Amino acid sequence: MHFRIIFLALALSLGLLAQDPRGVLPDDSFRQLEEILPTPNLYRTASGAPGHAYWQQQVDYAIEVEIDDIAQRLLGSETIHYTNNSPDVLRYLWLQLDANIYRPDADAALVSGPPDFGDLSFERALGLMARREFDGGAKISAVRDALGKPLPYSIVKTMMRVDLPEPLKSGASVVFSVDWSYAINDSRYVRGRTACEYFEDDGNFIYEMAQWFPRLCPYTDVNGWQNKQFLGRGEFALEFGDYTVRITAPDDHIVASTGVLQNPEEVLSAAQRARLKQAESSGTPVFIVTPEEALAQQAGAPTGTKTWVFQAENVRDFAFASSRKFIWDAALHTVGSRPVWAMSYYPNEGEPLWSRYSTHSIIHTLNVYSRYTFDYPYPVAISVNGPVGGMEYPMICFNGPRPEKDGTYSARTKYGLISVIIHEVGHNYFPMIINSDERQWTWMDEGLNTFVQFLAEREWQDDYPSRRGEPRNIVDYMKSERQVPIMTNSESILQFGNNAYGKPATALNILRETVLGRELFDFAFKEYARRWKFKRPMPADFFRTMEDASGIDLDWFWRGWFYTTDHTDLALSDVRQYQMEALDPELAAETRRQERAEEPASLSRERNSALQMRVDLYPELKDFYNEYDELDVTKKDRESYQKLIERLDEADKALLDRGLYFYVVDIENLGGLPMPVILEIHYSDGSLDELRIPAEIWRRNDPKVSKLLVLEKPLELLVLDPWLETADTVLDNNVFPRQLGEQRFKLFKRDERDGMNPMRRHQKEQAEEQSADAGTE
């Protein structure tokens with residue numbers, strides 16, 4: 001729609017183009033978060049940094065553990081040295097018995113829902129039966145003090161309280177021991193974050209051992225004891241400490257573990273030690289155990305046991321893997337100034353995928369993550385293939401993807417392996433070092449880690465098929481109905497992967513690319529990592545640090561993305577053009593006459609054109625107004641124009657000569673989530689401009705705002721969010737004038753699907769061609 005008014009009238013009317021005060025969104029999107037976030041104190045400051053009185057407990061472990069490869073059991077004994085750095089007196093200690101989740105009467109089993117009976121396999125049915133019968137709970141055989149005297153203890157589902165003989169004062173320490181054992185779950189029937197995997201072809205197992213020892217619950221300034229029961233979704237909250245772990249396994253096993261091997265001369269062959277020496281300077285992965293050696297080993301039998309001794313400093317957990325099937329490759333890589341062993345362990349069933357991609361993926365992860373946070377501080381980073389699809393622990397992770405039996409693999413498997421290794425190795429940073437409470441807030445490790453994973457995937461190759469991170473990939477979830485906010489306890493999350501991984505990762509990507517810009521975001525994110533390295537951050541510490549270090553108020557962003565289920569749906573509802581009318585009355589009148597002549601006639605007037613008019617029959621009825629034209633220029637109009645021209649100075653005349661175009665754009669917030677407004681301006685000459693308006697345009701919580709565009713050239717088209725960077729859920733209303741949508745469909749005849757992945761199909765076609773060529777010779 002076009003309106004022509006004089007320029008001075010336009011200037012006066014601009015006040016009418018401001019935000020419409022009549023409609024207000026139901027939520028105050030820009031309300032500050034002070035009333036929601038906890039009050040700053042001596043332990044956690046208003047800036048988001050640890051306070052000068054910040055403290056955390058220290059828990060050191062000396063553990064002896066044995067894998068029973070005949071009965072698939074674990075037997076362990078540990079001595080725990082607990083230091084109370086809190087200002088409080090403790091009368092008891094809480095330990096986590098995560099293995100108790102595998103008891104038939106565990107809460108996790110009792111509250112689980114039914115399977116999908118429309119898609120129930122034999123394997124799934126057997127697993128359901130096994131879950132009812134298998135008891136993998138921890139059997140505690142002794143809890144003793146430093147002198148060997150029994151300590152009273154109480155087991156409460158997946159937790160154990162140890163009552164101290166005397167109160168543990170602030171700054172004091174206590175030493176006690178625990179003996180335990182449990183049956184290891186077979187991944188064929190009872191899956192989990194820890195398991196053993198049986199290989200029918202050769203009768204061997206891979207053991208991936210995690211949550212395998214009684215571990216101290218955290219005692220913190222925020223929650224006191226974090227002894228929320230383990231139900232399976234909310235992962236782990238732990239204390240830092242030093243570990244010495246002696247792992248006894250069959251003497252033909254290779255053991256991969258958190259920490260540094262202390263006795264290589266006792267457990268490695270001379271050839272293996274020589275290959276490790278070679279790998280120190282190779283620059284590329286070197287086989288420490290070759291595929292051929294692993295095949296030979298798995299065909300034999302043990303003659304006894306070996307004990308592998310590992311030490312790890314300042315870690316919050318400890319995991320290991322053991323098998324006679326392991327191939328082992330390694331490369332020594334430098335991160336900053338620190339040498340780090342990147343190592344992979346996998347059976348021949350993982351080849352050729354694992355030797356090609358696993359260790360390279362580890363090194364790539366360390367490089368990228370260290371750039372965005374801090375240099376990787378540990379001496380080892382390990383990826384292991386076994387029964388666990390993807391789980392993370394300090395210095396070691398378990399990853400599941402394998403090729404098919406013939407060695408071919410799909411693109412999904414290839415990139416699935418690279419991505420899961422990046423993700424799980426990346427967990428060393430979140431939460432193994434930046435030690436967030438996974439039991440309470442899944443997003444603080446999974447969401448942040450998925451975001452940096454996305455950055456790492458972008459640096460692997462240009463067209464990397466990332467599942468999460470790109471705003472367009474979260475759109476379907478954002479507009480779905482069955483949602484809860486990101487700030488929801490781990491056990492109560494709906495659509496777990498999208499909520500705790502995808503949405504926070506996407507939010508941070510938008511914060512980096514669209515809201516703050518890369519430079520500000522990267523500085524603030526790195527500051528958060530630096531502040532909370534080897535400490536325990538809470539959500540408020542992250543929110544406050546990002547604002548403190550960037551200098552930008554982000555409360556609206558945290559509120560919308562993390563505390564609500566609103567979605568982005570901004571719409572261009574109208575565009576109106578305003579032009580300066582010619583001051584010369586003759587020119588102005590001519591323009592108006594042209595417009596009048598171009599106005600379409602009404603249907604009634606057109607059909608009445610043949611009628612004889614009464615004023616034509618009786619001319620005496622005509623008077624002045626029958627000849628009067630309101631567009632006729634009068635003497636007074638000319639005189640007024642002349643006087644106006646005389647009053648204009650050079651700046652006024654220059655303004656008139658610029659030929660500016662004025663447009664008022666109406667933008668509606670239909671999704672409720674305030675977001676920056678990114679406009680791509682298409683001019684009639686084919687050129688483009690981009691205008692980026694910060695989200696504060698919505699600061700008064702109006703459902704619709706208007707923006708004045710003053711352009712040098714006539715506008716042809718406006719596109720909202722042209723880069724698809726805000727996760728806008730409806731794109732049809734992002735263009736003005738509206739465009740005709742276009743979609744394609746394809747006709748086909750039903751055919752037989754071969755079920756082959758592209759690599760296998762390609763190899764088959766090559767073989768057929770070679771066979772055909774041989775037949776013609």
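In which loop is Gln 211 found? Gln 211 is located in the loop between β10 (204-209) and β11 (215-216); here and below, helices (H or I, at least four residues) and strands (E, at least two) are DSSP runs, numbered from the N terminus. The structure is a predicted model, in which local features need pLDDT of at least 70 and side-chain atom pairs count only at pLDDT 80 or more, whereas totals for chains, interfaces and linings use all residues. Residues are numbered from 1 along each chain as its sequence is written, and side-chain values use heavy atoms, with hydrogens and water left out.

Most residues other than glycine have a negative phi, and most peptide bonds are trans. Gln 211 has a positive phi of about 50° although it is not a glycine. With a relative accessibility of 6%, Gln 211 counts as buried, a term that means under 20% relative accessible area, while exposed means over 50% and partly exposed lies in between (1.4 Å probe, protein chains only). A positive phi, near 65°, also occurs in Asn 701, a residue other than glycine. Asn 701 belongs to the loop between β28 (688-693) and β29 (704-711) and counts as buried at 9% relative accessibility.

Cis peptide bonds were found as well. One joins Glu 351 and Pro 352, with omega about 5°; Pro 352 lies in the loop between β21 (338-346) and α7 (353-372). Another joins Phe 736 and Pro 737, with omega about 0°. The loop that holds Pro 737 runs between β31 (735-736) and α21 (758-776).

Tyr 393 is part of strand β23 (residues 390-393) and is buried, its relative accessible area being 1%. Ile 645 sits in helix α19 (residues 635-647) and is partly exposed, with a relative accessible area of 27%.

Helix packing was described by axes, which are lines fitted to C-alpha atoms, for helices over the stretch in contact, with angles that run from 0 to 180 degrees between N-to-C directions. The axes of α7 and helix α12 (residues 518-532) come within 8 Å and cross at roughly 95°. α7 is therefore roughly perpendicular to α12; angles under 35 degrees count as roughly parallel, over 145 as roughly antiparallel, 65 to 115 as roughly perpendicular and the rest as oblique. Ser 370, Arg 371 and Tyr 372 of α7 make this contact with Asp 522, Phe 525 and Lys 526 of α12. The residues of the contact of α7 with α12 comprise 2 nonpolar, 1 polar and 3 charged. In this scheme Ala, Val, Leu, Ile, Met, Phe, Trp, Tyr, Cys and Pro count as nonpolar, Asp, Glu, Lys and Arg as charged, and the others, Gly among them, as polar.

Helix α8 (residues 411-426) and helix α9 (residues 443-458) have axes that come within 9 Å and cross at roughly 130°; α8 and α9 are therefore oblique to each other. The residues that meet are Ser 419, Ile 422, His 423 and Gly 426 in α8 and Glu 446, Asn 449, Thr 450, Gln 453, Ala 456 and Glu 457 in α9. By class, the contact of α8 with α9 has 2 nonpolar, 6 polar and 2 charged residues.

For helix α13 (residues 539-550) and helix α14 (residues 555-562), the axes come within 10 Å and cross at roughly 145°. Phe 542, Phe 543, Met 546 and Glu 547 of α13 make the contact with Asp 555, Trp 558 and Phe 562 of α14. The contact of α13 with α14 contains 5 nonpolar, no polar and 2 charged residues.

The structure holds 0 disulfides, a disulfide being a pair of cysteine sulfur atoms within 2.5 Å. The sulfur of Cys 397 is 20 Å from the closest cysteine sulfur, in Cys 196, too far for a bond. Cys 397 counts as buried at 1% relative accessibility, and Cys 217 is buried with a relative accessible area of 0%.

Notes
Contact means heavy atoms within 4.5 Å.
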